[in-house]
Amino acid sequence: MFTRAPFAAASTFLFLVAALAGPLAAGPALDRVRDRGIMVAAADPTWPPFSWRDPLGEFHGFDVEVTRAIADRLGVRVEFVTPSWEEQTAGGWNDRWDIAVTNMTPTAERAAALVFPAIYTYGFAALAVPADKTDLHAPADVSGLRIGVVEDTIYEKYLRREDLGIAGAPDVAYLIDDPEIVAFADSASPYRTVVAGEIVDAVIDDLIAVKAQIAQGRPIRVVGDPLFAAPAAVAIDLGDPEFAAELVRIVGEMHADGTLRRLSITWFDADHNRALALR
C-alpha cells in the first residue's frame with residue numbers, strides 16, 4: 001500500500017550527502033550562468049512524463065518544467081543538452097552543462113562526484129512485464145529472468161542486492177533472486193526490447209514512467225507493489241557552494257509556495273513533492 005511517511009529531513013539528508021563529498025571551494029558556475037543569462041541543463045530526450053523532446057526539438061515534461069522554474073527564479077533562460085546518464089552521474093562536467101534535474105537519486109556513492117542541493121520529488125520503483133505474460137504475478141516470479149534497467153541507476157543496484165545508499169530511506173526488501181541484468185545506456189531501449197520479446201523479459205523503472213508507457217499504448221503491465229521508494233534531487237558539479245546555496249533557496253521556495261505540488265499534479269495527477277514510503 002502506498003503511504004506518505006518521512007525520509008530523513010531533506011535538509012539533514014542533503015547536508016550529509018554534501019559532507020561525504022568533502023570540502024568545496026568557491027567556483028564559477030553561478031557567475032557563469034548569470035553572466036551569460038543562460039543555464040545549460042541536462043535532460044533526457046526519451047523519458048516521458050519526466051522529460052522528452054518532440055520532433056521539433058522542444059523539451060517537455062515534469063523535470064523540464066522544474067528546470068525552467070529554477071532558471072526563471074535565477075533570472076536566466078534555460079538551454080537543454082542531452083548527455084548520457086553515465087556522463088551525468090560521473091561528475092566532472094567541465095562546464096558542458098550547469099545542472100541536472102533528471103530524477104537523480106542522491107546516493108553516498110554519487111556524492112563523491114556531485115552535489116545534491118535539494119530534493120524536489122519522490123517516486124517508486126516498479127517492475128513491468130509484457131501484458132501477455134499472465135504467469136507473472138509477483139516480483140519473485142521474475143527471479144532468474146532477464147531484467148532491463150538503465151545502467152548506473154538505483155534499479156541496477158537493487159537487482160544486484162546492493163545497499164542503495166540513500167540516507168533515511170525505508171528498508172528495502174530484495175524480492176528478485178539471481179536475475180540476468182541487462183543494462184542499457186538510454187531509457188527507451190528497455191521498453192522497446194521487452195515488448196519485442198527480445199533481450200529482456202521485464203523492466204524496472206520509475207512507476208510514473210511505466211504508467212506513462214502504458215497510457216501511450218505500450219502492451220506492458222505492472223507486477224505487484226512498487227519495490228522501493230526513493231527521493232530525486234537537483235544535481236550540480238562539485239566546486240560551487242554559492243550555486244548550491246541558491247538552489248537550496250529556490251527549491252525550498254518552490255516547495256513552500258506550492259509550485260512543485262502544482263507541477264506534480266499537472267504531470268502525474270498526484271502530489272509527489274513530499275516524502276513517500278511503502279507500507
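Analyst: A quick definition to start: a cavity here is a set of grid points where a 1.4 Å probe fits but cannot get out, and its lining residues are those with an atom within 4 Å of a point. Keep in mind that this is a predicted model. Searching the whole structure turns up one cavity of 30 Å³ or more, and the space in the largest cavity comes to about 30 Å³. Around the largest cavity sit G148, V149, V150, Y155, S187, P190, V203, I204 and D205. Two strands, β9 (146-150) and β11 (202-206), each put at least two residues into that lining. Sorted by class, the lining has six nonpolar residues, two polar and one charged.

Now for the packing. The largest nonpolar core holds 51 residues, and M39, V66, I70, I99 and Y120 have the most contacts inside it. Helix α3, residues 62-74, gives the most to this core, with seven residues. Another core lies apart from it, with 20 residues, including A125, V142, Y158 and A202.

Back to α3 for a moment. Its buried residues are F62, D63, V64, V66, T67, A69, I70, A71 and L74. The helix length checks out too: at 1.5 Å a residue, the 13 residues of α3 should span 18 Å, and the end C-alpha atoms are 19 Å apart, which agrees.

Terms used
Residues numbered from 1 in each chain as written. Predicted model: local features only at pLDDT ≥ 70, side-chain atom pairs only at ≥ 80, totals over all residues. Heavy atoms only, no water. Core = buried A, V, L, I, M, F, W, Y, C linked by side-chain atoms within 4.5 Å. Buried < 20%, exposed > 50% of the residue type's maximum accessible area, 1.4 Å probe, protein only. Helix = DSSP H or I, 4+ residues; strand = E, 2+ residues; numbered from the N terminus. Expected span 1.5 Å × (residues − 1). 1 Å grid on protein atoms, 1.4 Å probe; cavity = no way out; pocket = protein on both sides within 12 Å on 5 of 7 lines; lining within 4 Å. Points joined across faces, edges and corners; volume = space filled by probe spheres on them. Nonpolar A, V, L, I, M, F, W, Y, C, P; charged D, E, K, R; others polar.
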